[in-house]
Structure formats: C-alpha cells, structure tokens
Amino acid sequence: QVQLVESGGGLVQAGGSLRLSCEVSGYTYSINPIGWHRQAPGKQRELVAIISSGNTLYADSVKGRFTISRDNAKNTVYLQMNSLNHEDTAVYYCKADIKRSIWDASTVYWGQGTQVTVSS
C-alpha cells in the first residue's frame, strides 16, 4: 500500500529555516506531480508548492523563500523553508498523484501532516 510520511516540522523562530521531508513508500509506477499544501487555524487548505517533470510552481506568499525539490532515488520530496514568519504557521501536508501501473489513472494520496510553528 502506498503511504506518504512527512517529517521535519517543529518550532522555529521568525526568520529561521526548516526543511520538510515526505517519503513515499510502496510500489509506484509514477509519482507526478507531488507537492505540499498547508492549513492554518481557521483557514482553508492551500497549495504551497508542487513539482512535476522538473517544473515547479509556488504560491505567491512563499515565492522566493521556499524551495521544493525531490530525490527520486529515495522517493522523497523536500520543502526548504527560509525566512519563516508567523503567517507560515500551519500543518503542512504532502500530496502526490500516483499511478500504480501504466494502465491506471492517477490517484491522490495525502500524508498525515506535520506541524510547523513560527514564533515571534
């Protein structure tokens, strides 16, 4: 069974940095795209960054501060977060569109989420 497990969240001071990781386990034919979403208290879940076929897309609020990358050999996607501020406080979720075989349609998988808290 395919599973996505996030790690790397925690408490960080404003202006600091964190790197989130999302490891995909189980058999996969393709993982494309894969990315990060976040949900802050009282707000809807929003797209943060995605990567697909070498291309990346970022939300305007994180552009220039966050960098998404992937290591296909490790089946892992990363989110490097720099210059963090209070508005970045949220639960960060990994999301991937995965095919189990060449004949399958893509299925969306979500990780359990990892908490990022930015203090003043």
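Reader: How many bridges join strand 7 to strand 8, and do the two run parallel or antiparallel?

Author: Let's start with the terms. Strands are DSSP runs of E with at least two residues, numbered from the N terminus, and two strands pair if DSSP finds at least two bridges between them. Here six bridges join strand 7 (residues 66-71) to strand 8 (residues 76-81), and the two run antiparallel. Asp-71 stands opposite Thr-76. Four residues lie between the strands of this hairpin, where Asn-75 takes a positive phi near 50°.

Reader: What kind of model is this?

Author: It is a predicted model, where local features need pLDDT of at least 70 and side-chain atom pairs count only at pLDDT 80 or more, while totals for chains, interfaces and linings use all residues. Residues are numbered from 1 along each chain as its sequence is written, and side-chain values use heavy atoms, leaving out hydrogens and water.

Reader: How many helices and strands does the chain have?

Author: The chain has 11 strands and zero helices.

Reader: Why does Thr-114 count as buried?

Author: Buried means under 20% relative accessible area, exposed over 50%, and partly exposed in between, using a 1.4 Å probe and protein chains only. Thr-114 counts as buried because its relative accessibility is 10%. This residue is found in strand 11 (residues 114-119).

Reader: Which residues does Thr-114 touch?

Author: Contact means heavy atoms within 4.5 Å. Leaving aside residues up to four places away in sequence, Thr-114 touches several residues, among them Glu-6, Gly-9, Leu-20 and Tyr-92. A polar atom of the Thr-114 side chain lies 3.3 Å from the backbone nitrogen of Gly-9.

Terms used: Polar contact = N/O pair within 3.5 Å; in protein donor to acceptor, adjacent residues only side chain to side chain.
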